[in-house]
Amino acid sequence: MSGILAFLQGAAGGAVKGAQMRRDWDQEDEVKKAREEDRAFQREQRERQRQLQREDDELRNNLRAAAAPVALTEGAGGMVRPETMDNRDVGLPENAGQPNDGLMPVAYRVGAQPFADRGAAQAAVQQQNAPEAVNQRVAAAYRAAGQPEKAMQLQSQANAAELQGMQLMDARWRRDLGGAMRGGHAGLAQFATQSEAGPMAGLKVSLIPSADGKTVQYGVAGADGAVAPIPGLPAFSNDERGVTQAAWMLDRAVTPEARMSYYQAQDALQQQRATQAATVARTQANADRDYQLRADNAAETRRHNQASEAAAAARAKTGDAKPLPSSALKMQQEGLDAIGTASSINADLGAMHKQIAEGKLSFGPISNLVNSARNAAGMSNEESRNLSSFRSNLERLRNESLRLNKGVQTDGDAQRAWNELFENLNDTALVQQRLEEIQRLNNRAVELRKLDIDGVRANYGHPPLDTSAYAKQPAAVGQGGPAGRAQAPAAGATVRGEGGKQYRFKGGDPKDRNSWEPVQ
């Protein structure tokens, strides 16, 4: 009996223990499942955070690209790379099978839009960099990122600013119109011509009075100079009432958008002129300061050279002057060649400046285009030929001038002046100013070369060298003469050879041995 009880007690205990084990296993499975769900949730949260970061980065990059200034890309040889290419892509094998090696057969590109004319391309750059265009690109970036509320907010702010600007421009227009009315019909005609707004753009408005002078009609001058009445406009009485009627019709003809566009263009032009004036003033102030510094240094150099020359003259009297070695002669000849080159450059620049002053050469976006077209069509005139000669000689003169100024104190100024000249070939006054500045820089370089020559000679007891024959060169521009060639020495002039022996120039070709004789 006791054995049966022990068996039953053991069986009951085992059943209880097994049930407890099953409960423990179920609990462990639930814990594992909860942990796995937590890990899955955490992975999902991390991936969502990464996606948000990627979207934020993409939006920032798109906003940065939308707000960046649009630039003009100029090609070479009638080809320009598309927007999807950079300089590293040009000439790659994968582009060789494409038409034109993947390049666009145009001269200029603004964004993805091609242009054959530089003026049209620059106008597109100005248009795409206008605040309205930038706002549109930024709003499009917000919409693409799924944030239409920010795009709408930005557009609303832009519309409010545009409305406010339009109201300001409208008040400005009415003020100017009122001022023109005080000048009568003539004042209105002048205002319509100068405004270049809306339908007035490009028109030269004049008055056509009646025989008795009681009425006037508004007309425009044609290409032949003849004035014809403006279609649709009646004759106005030549009194205050007629002026008021004409002003009212002019006010109705020009829309608020046209007024705003006109004044924005005027403000941009004034800002550009103010910036150019400030740049010129700043450049001139820097040049004056640098010139004074160089003048002080040159004065100190001259005092040193004068002392050296005095010592050289004293040595020459006592026969202590040393022959110039080959290295010194080489430096002397290089300086003389540089002086001759500078004289040729300045002679050519002076000839160009004279052509501009005499009205035989002018610059401007339209006149440059017309003169180029004349030359291309075989219908050249003096001005178009002068422009062609100017352009063909400019690069040569630039290279020679920069070589002349390289390594001397005017190096940086010469680089800047030539760069500004090449960038502003549409402004006659600016071209004249830059030509004069470059001539002054070349003259400074010549003075430095002369000091170098005299310094080298003084070191060996020789007096200063007369360089006037090298400093008087004829102009090649407009005269057909050779440029950059030094004149022959005067007959009787003496030079010292590499061995120290002196030779006298008899005349003729200085490169011919027979033109020289040894000094006994």
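Helix α3 (residues 118-128) has the buried residues A121, A124 and V125. Buried means under 20% relative accessible area, exposed over 50%, and partly exposed in between, with a 1.4 Å probe and protein chains only. These three cover an arc of only 100° around the axis, so they sit on the same side of α3. The arc is that of the directions from the helix axis to the C-beta atoms. The face turned away from this buried side carries the exposed residues Q126 and Q127.

This is a predicted model: local features need pLDDT of at least 70, side-chain atom pairs count only at pLDDT 80 or more, and totals for chains, interfaces and linings use all residues. Residues are numbered from 1 along each chain as its sequence is written, and side-chain values use heavy atoms, with hydrogens and water left out. Helices (H or I, at least four residues) and strands (E, at least two) are DSSP runs, numbered from the N terminus.

What do the buried residues of α3 pack against? They pack against β1, β2 and β3. The helix lies across these strands and runs at about 10° to β2. Contact here means heavy atoms within 4.5 Å. Axes are lines fitted to C-alpha atoms, for helices over the stretch in contact, and angles run from 0 to 180 degrees between N-to-C directions.

The three strands form an open sheet in the order β1-β2-β3, with antiparallel pairing. β1 (72-74) and β3 (113-115) stand at the edges, each with a single partner strand, so one side of each is left without a neighbour in the sheet. Neighbouring strands are turned by 25° against each other on average, direction ignored. Two strands pair if DSSP finds at least two bridges between them. Three bridges join β1 to β2 (residues 108-110). E74 stands opposite Y108 in β2.

Strand β4 (residues 205-209) is joined to β5 (residues 215-221) by five bridges, and the two run antiparallel. I208 has Q217 of β5 as its bridge partner. The hairpin of β4 and β5 has five residues between the strands, and G213 takes a positive phi near 75° there.

β5 also pairs with β6 (residues 227-229), in the antiparallel sense, over three bridges. G219 has P229 of β6 as its bridge partner. The hairpin of β5 and β6 has five residues between the strands too. Here G225 takes a positive phi near 90°. Two bridges join β5 to β7 (residues 236-237), again antiparallel. V216 stands opposite F236 in β7.

Now step to T193, in helix α6 (residues 184-195). Buried or exposed, or in between? T193 is partly exposed, with a relative accessible area of 23%. Leaving aside neighbours within four places in sequence, T193 is in contact with L203, K204 and V205. The C-alpha atoms of T193 and L203 are separated by 5.9 Å, although the two are 10 residues apart along the chain. The T193 side chain reaches the backbone oxygen of A189 at 3.0 Å. A polar atom of that side chain lies 2.8 Å from the backbone nitrogen of V205.

E437 is buried, with a relative accessible area of 8%. Not counting residues up to four places away in sequence, E437 touches T283, R416 and A417.

How values were computed
A polar contact is a pair of N or O atoms within 3.5 Å; within protein, one must be able to donate a hydrogen and the other to accept it, and residues adjacent in sequence count only if both atoms are side-chain atoms.
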